[in-house]
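Dear colleague,

I am handing over the structure below, and after it I set out what was found, beginning with a term that the later paragraphs rely on. Please read the text alongside the model.

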Amino acid sequence: MKVVFMGTPDFAVASLEALYKAGYEIIAAVSQPDKPVGRHAELKPTAVKQKATELGIPVLQPEKASDPEFIAHIKELAPDVIVVAAYGKILKKELLDIPKYGCINVHGSLLPRWRGAAPIQWAVIEGDKEAGVTTMLMEEGLDTGDMLMMSKIPVLPNETGGSLFDKLAYLGGELVVETLRQMYNGELLPVPQPEEGVTYAPMLKKEMGLIDWTQSAETIDRLIRGLYPWPGTFTYSDGRMIKLHRAVVAETDSTFNPEDCGNVLVFNNRIYIACGKGTIELTELQPEGKKRMSAVDFLRGNTITKLTSKKG
């Protein structure tokens with residue numbers, strides 16, 4: 001089968017590599033345009049572009065996937081299938097209709113739960129017990145197409161957005177290879193997504209990481225883990241930001257008054273924070289302008305009595 005692969009971030013790289021190792025003829029890799037990063041706004045190639053270049057696969061980077069010239073080029077390539085993994089844009093019907101076997105999306109959730117941009121992180125934030133990858137036939141809607149195959153794994157109690165991301169990226173690579181094999185052999189029967197259980201995973205934004213200490217310790221713990229490593233969570237102490245990298249729920253079910261939430265107890269070189277219900281222990285944090293450090297290292301040169309969600 002001749003494959004056109006469309007993807008942009010790290011999540012898509014595992015699927016690209018898996019297809020390449022399985023011997024599929026990848027005639028082009030399509031990725032979002034390079035974006036400026038850093039203080040000097042230097043253009044950085046996408047993760048898929050880097051990997052495709054390394055594998056010797058031609059790379060296409062249209063400004064828009066709906067550009068007539070780009071669509072005409074894909075028609076000339078005449079792929080048997082287009083595989084899409086976290087490309088980042090909704091594709092138009094004119095493109096979806098080109099390949100003989102259609103366009104297959106590798107989506108990091110157990111559809112119809114968590115349609116949208118950040119399914120993996122939201123699974124952690126909302127405390128899902130299972131996560132997984134679904135391959136589906138694409139249509140113009142947002143992750144609404146008929147399902148082809150699904151693979152599940154448990155979400156561990158200490159799971160972070162980053163650790164689950166890595167697991168599901170690898171799982172997605174395995175699943176898309178098997179999906180193409182069964183599709184080619186006529187063994188797959190597309191199944192419409194159920195109408196019940198639909199949820200959406202909005203794009204992550206930095207402001208989502210501001211901790212509200214009136215929430216429960218379990219809710220805050222899931223947010224810290226779900227938004228790690230990006231965009232991360234943060235709080236304020238005496239007007240200065242502190243980034244939170246690691247935390248655990250302490251063994252207590254105490255309920256605090258709103259005015260007490262955010263109060264800090266330092267005991268045996270450990271940092272405990274009063275939450276709306278229960279207590280959080282901070283184990284790794286990063287004061288403004290300093291490096292990431294353990295709670296023990298932080299306490300060697302810093303004092304802390306109250307954390308708030310307001311800078312002033």
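Helices, of at least four residues in state H or I, and strands, of at least two in state E, are DSSP runs numbered from the N terminus. Please keep in mind that this is a predicted model.

**Backbone exceptions**

Most residues other than glycine have a negative phi, and most peptide bonds are trans. Against that background, A78, which sits in the loop between α3 (68-77) and β6 (81-85), has a phi near 50°, a positive value in a residue other than glycine. A78 is partly exposed, with a relative accessible area of 38%.

Two cis peptide bonds are also worth checking in your viewer. One joins L111 and P112, with omega at about 15°, and P112 belongs to the loop that runs between β7 (103-107) and β8 (115-116). Another joins W230 and P231, with omega at about 5°, and here P231 is part of the loop between α7 (217-226) and β12 (233-237).

**A hairpin with positive phi values in its turn**

Strand β14 (residues 264-267) pairs with strand β15 (residues 270-274) in the antiparallel sense, over four bridges, and L265 stands opposite Y272 in β15. The two strands β14 and β15 make a hairpin with two residues between them, and N268 in the turn has a positive phi of about 55°. N269, found in the loop between β14 and β15, likewise has a positive phi, near 60°, although N269 is a residue other than glycine.

**Helix α1**

The helix α1 has twelve residues and reaches 17 Å from its first C-alpha to its last, which is close to the 16 Å expected at 1.5 Å a residue. Its buried residues are F11, A12, V13, A14, S15, L16, A18 and L19. Just after α1, G23 takes a positive phi of about 90°.

**Pockets**

Which residues lie nearest the centre of the largest pocket? They are T8, P9, A86, G88 and A117, out of the 50 residues that line the largest pocket. The elements giving two or more residues to this lining are α1 (10-21), β3 (35-37), α2 (47-55), β7, α5 (119-125), β9 (130-137) and α6 (161-184). The largest share, four residues, comes from α6. The volume of the largest pocket is about 1,700 Å³, and by class its lining has 26 nonpolar, 16 polar and eight charged residues.

The second largest pocket has a volume of about 270 Å³, and it is lined by 16 residues, with A217, E218, D221, V249 and T252 lying nearest its centre. The elements that give two or more residues to the lining of this second largest pocket are α7 and β13 (240-249), and α7 provides the largest share, at five residues. By class, the lining of the second largest pocket has five nonpolar, five polar and six charged residues.

Two elements tie these sections together. The helix α1, with its buried residues including F11 and L16, is among the elements that give two or more residues to the lining of the largest pocket.

With kind regards

Notes. Residues numbered from 1 in each chain as written. Predicted model: local features only at pLDDT ≥ 70, side-chain atom pairs only at ≥ 80, totals over all residues. Heavy atoms only, no water. Pairing = 2+ DSSP bridges. Buried < 20%, exposed > 50% of the residue type's maximum accessible area, 1.4 Å probe, protein only. 1 Å grid on protein atoms, 1.4 Å probe; cavity = no way out; pocket = protein on both sides within 12 Å on 5 of 7 lines; lining within 4 Å. Points joined across faces, edges and corners; volume = space filled by probe spheres on them. Nonpolar A, V, L, I, M, F, W, Y, C, P; charged D, E, K, R; others polar. Expected span 1.5 Å × (residues − 1).
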